[in-house]
Amino acid sequence: MTGFPSPRPHAHFRWAVLAGPLTAALGLIFSIQPVGGQVVLNNTNNSDDIGGSQTVTVTGGTNTLSGTNTYTGTTTIEVGTLNLYGGSAIGDTSAVVLGTINDLGDVTLNLNNTDETIGSLAYEGDLSSNTYLVSLGSGNLTFGGNNSDT
């Protein structure tokens with residue numbers, strides 16, 4: 001290889017291969033987005049356009065998703081709030097899942113008075129211990145496909 005020093009006898013090298021999202025302690029996201037990758041939001045405002053088979057996962061805090069997103073992977077709000085802006089914040093065929101089977105806490109999907117189209121809507125977890133809120137305001141939520149509670 002060029003540009004690398006010649007290995008010495010008995011030398012040990014450590015390599016790190018980075019794939020997927022990197023999240024900093026302050027909630028900022030640095031995302032390496034491979035095909036089929038994941039975008040993780042935690043107290044994050046994301047206006048980047050997300051496409052392909054990516055998934056979006058909210059892991060806490062108050063988050064904003066905007067831009068023209070066409071991704072087809074699942075949108076999961078494990079805990080916290082996801083505010084949507086612009087009418088194309090979630091891919092039109094993306095399944096939206098509120099909560100997890102681990103019951104991490106309250107979940108809110110907020111349309112902020114805009115219209116949004118999604119593939120399907122479901123929740124996971126225990127309704128007796130957590131609140132699952134879909135706030136429409138004056139917006140409309142349009143969805144198709146299979147919609148269920150699990």
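Of the protein's 150 residues, 37% count as buried, where buried means under 20% relative accessible area, exposed over 50% and partly exposed in between (1.4 Å probe, protein chains only). What you see is a predicted model, in which local features need pLDDT of at least 70, side-chain atom pairs count only at pLDDT 80 or more, and totals for chains, interfaces and linings use all residues. Residues are numbered from 1 along each chain as its sequence is written, and side-chain values use heavy atoms, with hydrogens and water left out.

So what is the secondary structure? The protein has zero helices and 15 strands; helices (H or I, at least four residues) and strands (E, at least two) are DSSP runs, numbered from the N terminus.

| Residue | Relative accessible area |
|---|---|
| Asn83 | 10% |
| Tyr132 | 16% |

Asn83 sits in strand β8 (residues 80-84). Which residues does Asn83 touch, leaving aside those up to four places away in sequence? They are Thr62, Asn63, Thr64, Leu65, Asn110 and Asn112, a contact being heavy atoms within 4.5 Å. Across the protein, 38% of contacts between residues at least 6 apart in sequence join residues at least 24 apart.

Tyr132 brings us to the rings. Rings of Phe, Tyr and Trp (its six-membered ring) pair if their centres lie within 6.5 Å; planes under 30 degrees apart count as stacked, over 60 as edge-to-face and the rest as tilted. By this rule there is one aromatic pair. The ring centres of Tyr123 and Tyr132 lie 5.6 Å apart with their planes at 35 degrees, so the pair is tilted.
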